[in-house]
Amino acid sequence: MDRLIVRDCLLPQISRVLEEERPGTVSNQPLYAVFRESVDNGIFCGLATAQDVMQHPSWIFADLTEHRESKCVSLDMSVDRALRTMDQHDLDALPVLEQQSFVGVVTRQSILNVLLQRERTLLKQTRILNKRLAEEHEQIVSWSEKLAKLHEASRSLLTVLAHTSIQNDLLQIGIESLAELLEARYGAIGILDASGELNHFVYTGINAELAERIGQFPQGKGLLGVVIQNNVSLRLDDMSSHPQSVGFPEHHPPMKTLLAVPIAYHDRVYGRIYLSDKENGELFSKQDEDLAFSFAHSLSLVLDNAREIEEVKQARQSLDYMAHFDALTDLPNRTLLKDRMDQAISQAQRKQRMVGVLFLDLDNFKVVNDTIGHTCGDELLKSVAQQISDCLREGDTVARLGGDEFIVLLPDLSDTQDAAKVANKILELLNSPFDIGQHEVYASVSIGISIYPHNSKNMEGLLSNADGAMYYAKKLGKNNYQFFTPEMNRSAQQYIKLEKYLRRALEQNEFVLHYQPQVDVKTGRIIGMEALIRWMNPKLGLVNPADFIPLAEDTGLIVPIGAWVLKTACKQAKFWQQNGFPIRVAVNMSSRQFHQIQSQQQSQHPLLDDVLNALDESDLPPELLELEITESILMQHLDTTMEILNALKNIGIRLSIDDFGTGYSSLSYLKRFPIDILKIDKSFVNDITTDPSDKAIVAAITVMAQQLKLEVVAEGVETLAQLEFLRKLQCNFVQGYYFSKPLSADDGYAYLLAQDDLNRMGASIG
Ligand SMILES: Nc1nc2c(ncn2[C@@H]2O[C@@H]3COP(=O)(O)O[C@H]4[C@@H](O)[C@H](n5cnc6c(=O)[nH]c(N)nc65)O[C@@H]4COP(=O)(O)O[C@H]3[C@H]2O)c(=O)[nH]1
């Protein structure tokens with residue numbers, strides 16, 4: 001409150017008199033302001049009191065004012081000072097002057113009156129304030145009670161944090177508390193599942209029967225859909241007027257006001273809460289909305305926590321799954337197989353029974369992978385896994401060890417022949433082709449069988465023996481099954497050893513090329529040499545190509561080996577050329593070289609890369625290089641093969657078909673592919689002089705080749721008679737022991753020199 005000054009306490013009325021007047025003539029007033037000349041704007045002379053008048057009734061006012069001490073105060077003087085002045089001079093009133101002019105009078109009484117007035121006002125205000133305070137206190141108490149209840153409800157929700165799933169009864173307590181707190185007639189909590197459907201729905205204010213009739217809330221429609229989809233709260237005073245007030249099922253009690261809040265954590269909406277119609281008919285307030293929102297927030301924490309726990313649980317489950325199952329085929333892996341095998345063995349031991357272990361390996365999986373790609377390869381493995389699983393009995397296990405290796409575990413066998421029956425069933429099953437993408441793929445298997453307790457008493461032994469038997473089955477031409485025998489073990493061990501050594505052979509420089517001359521039948525001159533690989537291993541000795549080429553093809557090692565052969569053969573041919581023998585070198589190609597996958601970084605097929613590198617490095621003219629391909633290479637992946645062959649042809653390389661007549665011999669490809677030479681297989685040449693059908697075949701091939709303007713090389717010529725016969729047929733070139741066995745590079749060169757001498761001396765070839 002402002003400081004009190006004299007201006008605030010002026011006496012409302014004061015009698016103004018002239019100095020010459022006599023008090024008796026004026027009305028009886030407590031105080032007179034005395035002026036000279038005029039009462040309005042005359043000179044102020046002083047104050048006269050009723051007491052003065054009483055004491056000196058016959059005096060004029062001039063006498064009275066002169067007689068009195070004259071003290072005055074200003075308008076801005078504080079009342080304290082004015083009162084002090086009055087005290088000092090023993091006065092009850094003081095004139096108030098402003099710039100010498102009289103403006104009024106202040107008295108003890110007038111000051112007191114103002115003070116009293118002020119106090120009254122203050123009191124009144126204090127009373128009002130007190131009343132307000134009391135009301136606010138009451139409200140604070142009620143709000144803190146509400147908050148306490150809300151916290152109680154939230155707390156009960158938060159207790160579920162330790163649980164993995166939301167429990168309906170907790171949600172029920174939640175919605176009941178919230179509806180009670182906000183005095184809402186109806187309330188419901190709806191929680192969505194992962195697919196967005198309401199899977200928890202608790203309600204209050206409606207009975208179970210009605211709830212049943214209400215049934216599911218259609219998702220995404222109407223007001224509640226808006227709350228969920230837009231993650232916003234809604235507070236409506238009259239739902240019916242809202243354009244989106246559809247979405248409540250038809251049996252839902254009519255509702256007027258609505259408060260709906262999303263249950264959301266960050267941007268993830270878990271569901272929504274709605275409350276409707278306050279009991280007292282009031283509208284939902286902002287505070288109600290805040291409370292509901294705070295409750296929904298607590299609930300969202302619970303739900304978010306539950307989601308996280310669920311995710312961790314699933315991750316754990318999938319880790320567990322990954323530890324025991326193969327991710328590609330969903331079959332048990334080695335770890336789980338071990339468990340099952342241990343169980344089967346101990347049971348068989350107790351019951352005096354047998355356990356069968358079938359080791360399966362797909363026959364040409366690597367080729368499939370290389371030719372139609374890894375994705376199709378994976379598809380094939382999945383289909384094979386499925387087929388094998390489908391044909392087994394319930395207690396049997398099929399597991400994938402990795403790659404294209406599967407194990408079938410047959411516990412509780414009473415007869416070893418039962419294992420053979422299963423193996424037969426699998427072989428038959430895999431006889432039909434699989435549709436993989438746009439390809440029809442055949443996936444035969446080789447199966448090795450070992451039996452507990454005959455072949456081993458533990459898992460490692462049984463697996464290793466079944467593996468050995470499987471190798472044996474492969475050796476016997478694949479697509480069959482073999483029971484383990486100790487001899488097999490030895491041959492399997494040898495195969496494994498061979499593979500181990502073969503992997504190191506290139507870097508250890510263990511390969512050499514031998515060369516077998518090819519002779520022009522007419523002139524007797526050497527027109528080329530076929531490069532034939534030899535492997536000299538310090539431990540194994542000389543290994544024949546027939547013994548390691550199939551293994552190199554199976555393992556894919558043929559690709560780097562083939563690249564080495566190309567380089568070495570080209571260098572050798574360059575040497576011959578530089579030394580006066582511009583003859584061709586013929587190099588055998590494997591299908592794996594043709595069916596390598598071209599990576600995105602490679603601008604051309606890897607085989608073309610290898611060939612061009614070999615030519616570049618050796619500086620050999622392309623026409624002195626001949627590539628021998630088999631009929632089977634031509635038959636697979638026609639488009640890619642055709643592309644590669646055309647590219648090779650464009651470079652100027654000569655192309656021949658090896659072992660002609662032994663394969664599919666589809667004559668149409670002879671026209672379609674850019675072939676230069678046919679090599680008649682030595683099996684036909686062998687009996688050409690004695691076997692009329694071989695004779696006819698070789699004759700037919702030669703005539704056909706002549707028609708197609710292809711050159712013919714007959715392989716495996718061992719005798720003069722064979723040579724003569726071929727000469728008559730006008731076969732162009734011959735190759736065989738009759739002229740020479742494959743020779744080392746040095747011997748080959750010596751042979752060239754010797755033949756050259758002979759030719760110069762005019763000797764003929766036979
Ligand atoms: N009985 C008899 N045999 C004869 C006669 N003349 C030649 N031979 C043999 O017949 C095989 C001819 O090679 P191929 O049909 O291409 O058959 C080859 C070829 O398919 C493969 N091979 C050899 N070297 C390579 C190579 O560098 N790469 C590839 N991919 N395969 C190769 O190994 C197979 C066997 O090669 P080799 O053991 O060197 O056996 C050679 C050769 O020594 C004969 O008058 N009588």
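Which of the 21 residues around the ligand come nearest? Select Leu-532, Pro-545, Asn-588, Gly-736 and Tyr-737: these come nearest. Here a residue is near a molecule if its C-beta atom, placed from the backbone, lies within 6 Å of it.

Before you go on, remember that this is a predicted model: local features need pLDDT of at least 70, side-chain atom pairs count only at pLDDT 80 or more, and totals for chains, interfaces and linings use all residues. Numbering starts from 1 along each chain, as its sequence is written.

Now colour by element: strand S19 (526–537), helix H15 (545–555), helix H16 (558–578) and strand S23 (654–660) each give two or more residues to the shell around the ligand. Helices (H or I, at least four residues) and strands (E, at least two) are DSSP runs, numbered from the N terminus. By class, that shell has 10 nonpolar, 7 polar and 4 charged residues, with Ala, Val, Leu, Ile, Met, Phe, Trp, Tyr, Cys and Pro as nonpolar, Asp, Glu, Lys and Arg as charged, and the others, Gly among them, as polar.

Next stop: a sheet. Select S12-S13-S11-S16-S17, the order of the 5 strands in an open sheet with mixed pairing; two strands pair if DSSP finds at least two bridges between them. At the edges sit strand S12 (397–402) and strand S17 (481–483), each pairing on one side only.

Zoom in on S11 (residues 354–362) and S13 (residues 405–413), antiparallel over 7 bridges. Leu-360 stands opposite Phe-406 in S13.
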